Amino acid sequence: MESEGVSLPSFHEHPMIPWNDLRKGACCGRFQSQSDGYYCKLCDFFVHKKCGDEFSQFIDHPCHPNHTLRSRRVPGTITTLCDVCGRRIMFLSYRCEYCNFDVDVHCAKYPPPDVVDNFNVHSHKLTLIKDRTTFYCSAKCGKTDIGFPYKCDECDVSFHVDCVWHTSAAELNYSPELNHSYHSLHPLKLLTGEPPDYSDGICRLCGRKVDKEMFYHCSSCNFTLDMPCVLNPPPQSLLDSKAHDHQLVLLPRLDSFTCNACGIKGDRSPYACFRCGFMIHQDCLGLPRVININRHDHRVSRTSVLGVVNSTCGVCRRKVDWTYGGFSCQRCPGYVVHSKCATRKVVWNGKELEGVPEEEEDTEPYVVIDANTIHHFSHKEHYLKVNVNGVLYEENKRCNACTHQIGLKSFYSCIGCDFFLHQKCAENPKKKWHVLHNERLTLVTNKEQDIFVCDACERVSNGFLYKHGKRKLDILCGSISEPFVHSSHPHHPLYYIPTEEVETCNGCNAREHHILRCIEGDCGFVLGFRCAILPQVVKNRVDDHPLSLCYGEEKEEASGKYWCDICEKETNPKTWFYTCKDHLASLHTKCVLGDFAGLMPRSIPKSEDRSLEVVPNNSVTRPFCSKCKSRCMYPIYLKLLGISVILCSFSCAH
């Protein structure tokens, strides 16, 4: 073994260290009797030793005898089910591309037997059907599925493999019955399959849902333990100065309480201090002391009592009970965050900073030379002069940061070359925290003008970007911070509240993953990042005057049909559109801006090792798109250098 770690590239990209752990392996998603394995501390990723050492690139499987299966990493964004057991494959599978057949690592190592008898589920022997078929599972789950079921020929009923067959407890060396220190009244029995109907199916100690693969249960007391708590139970008492000053004792019972560390109610097995009435969730014992969160520029520290009356959480924006613990900023009086909100993965990067010196970094983007002159870090060659009143819209004057037209906004211009920055773009710091990433982002000037896709608005751009690792935000989305004020909703600020739901943007009626929302009462206003960064005023060849962004018409105002003069198709007056000086036009935002508004005209960027020319569509005759064969109607199109290919839109480019 190498000193820096064990390399298992088929499982994980980082070096891993030998490790003993009784948890499920990320490799096969199952328990094993042996605790040996490999672990990546950086990612909290554990692989069983047997899975890692015995891994093979190709296998033959009895459930798919006609073709050899090849291992592959399962993309996290795609739901893939094991065709044998029906479980979701979280990480690695063996696959037949010809037949679209997948099997997880566990079913690859332990293929189900041809015949089983499970008289707890069914009174006859069951035979494995090795043809994919649609069936209704007659076990407790009662689901209709497609796969390889067990079937009873006498009764003509079918079952999921996972509902009637499990790797035997004897094979894993687990006792069918045991005495446990937290339940001394009766022995616990090993069960597989769904928990009993009368049980809530939740472990009494840790509060997690038990895995139906195996768990221990006492039917007399309705007491259930999952395998991790059986194999490695929490200590009965502990003294942890980070959690509390006095000794804490575990109360292994169902009991409603409010955790002093986070202010959230619990229903079972807290640690308690009998001297002062302090109670805490088990998972709150490990709360960090000092952290950075992506909602605030300074570190926040955990405190046992927040003490800030009438305060709201800096993440979820809900009221904070000041009598309980949470996180607060020592520099900003009044800034507080719920403990659970501060330690969410989308908010905190997982790094404990207690004892780590806080280094002050220079994030200022420019040095002031005099009242009208700056020296910006993105353009070290020359000084930039301020122009307060903007300019008339000219195609050749665009901001090098956001690539939008300079227009009537204040801007900086280079005294020696054609380099321009909107004043707002020039003021963006060199490093900043952002609500869409839990590490600090760095402002990259992208001098090579490489094309990238913004992770917030999904707009292609080759301007400035905020970046960390694979996360990329164009400078417009990267500059959005809380509270965000938009002229479409001037009375209330907007906030980014993390959610798993996909919501409809009020600007375009499109479904968006990343949205900014109004938190006032039942207002319900939400705005996607794509609409949040739309320019308020823009110049287009369709009109002699600048076009203004209109935030849709109210129902009583919208009468008759609206038509876009660019594409000559109907416009939905309830969504945002651009209109002219006399308000007689209603132009689709996409028709006005096109798909390549984020690309600098006349630049020659690279995309996938191919050079492109970004061409303004301002000639007398519009060219034909090589893909869709229509005339290019958007203000910018792409031309592939070296071959006569013209592309009018993002869809044609792909």
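How many residues lie between strand 30 and strand 31 in their hairpin? There are two residues between them. This model is predicted.

**The whole chain**

- The chain holds 654 residues, and 47% of them are buried.
- Its C-alpha trace spans about 85 × 65 × 65 Å along the principal axes.
- Take the contacts between residues at least 6 apart in sequence: 48% of them join residues at least 24 apart.
- The chain carries 76 positive and 77 negative charges. The mean positions of these two sets are 2 Å apart.

- Strands of a sheet pair through backbone hydrogen bonds, either parallel or antiparallel.
- Here three strands form an open sheet in the order 1-2-3, with antiparallel pairing.
- Strand 1 (17-20) and strand 3 (45-48) are the edge strands, and each pairs on one side only.
- From one strand to the next, the twist averages 40°.
- Four bridges link strand 2 (residues 36-40) to strand 3 in the antiparallel sense.
- Glycine 37 has histidine 48 of strand 3 as its bridge partner.

**The hairpin and its neighbour**

- Strand 30 (residues 366-370) and strand 31 (residues 373-376) are antiparallel and pair over four bridges.
- Together, strand 30 and strand 31 form the hairpin from the opening question.
- Valine 367 has its bridge partner in strand 31, namely histidine 375.
- Strand 31 is also joined to strand 32 (residues 384-387) by two bridges, and these two strands run antiparallel.
- Lysine 385 in strand 32 stands opposite threonine 373.

**Histidine 244**

- Where does histidine 244 sit? Its place is in the loop between strand 18 (237-238) and strand 19 (248-250).
- Is histidine 244 buried or exposed? Histidine 244 counts as buried because its relative accessible area is 13%, and the cut-off for buried is under 20%.
- Leaving aside neighbours within four places in sequence, histidine 244 is in contact with Cys273, Cys276 and Phe278.

Conventions. Residues numbered from 1 in each chain as written. Predicted model: local features only at pLDDT ≥ 70, side-chain atom pairs only at ≥ 80, totals over all residues. Heavy atoms only, no water. Pairing = 2+ DSSP bridges. Axes fitted to C-alpha atoms, helices over the stretch in contact; angles between N-to-C directions. Buried < 20%, exposed > 50% of the residue type's maximum accessible area, 1.4 Å probe, protein only. Contact = heavy atoms within 4.5 Å. Lys, Arg positive; Asp, Glu negative; His and termini not counted. Charge placed at Lys NZ, Arg CZ, Asp CG, Glu CD.
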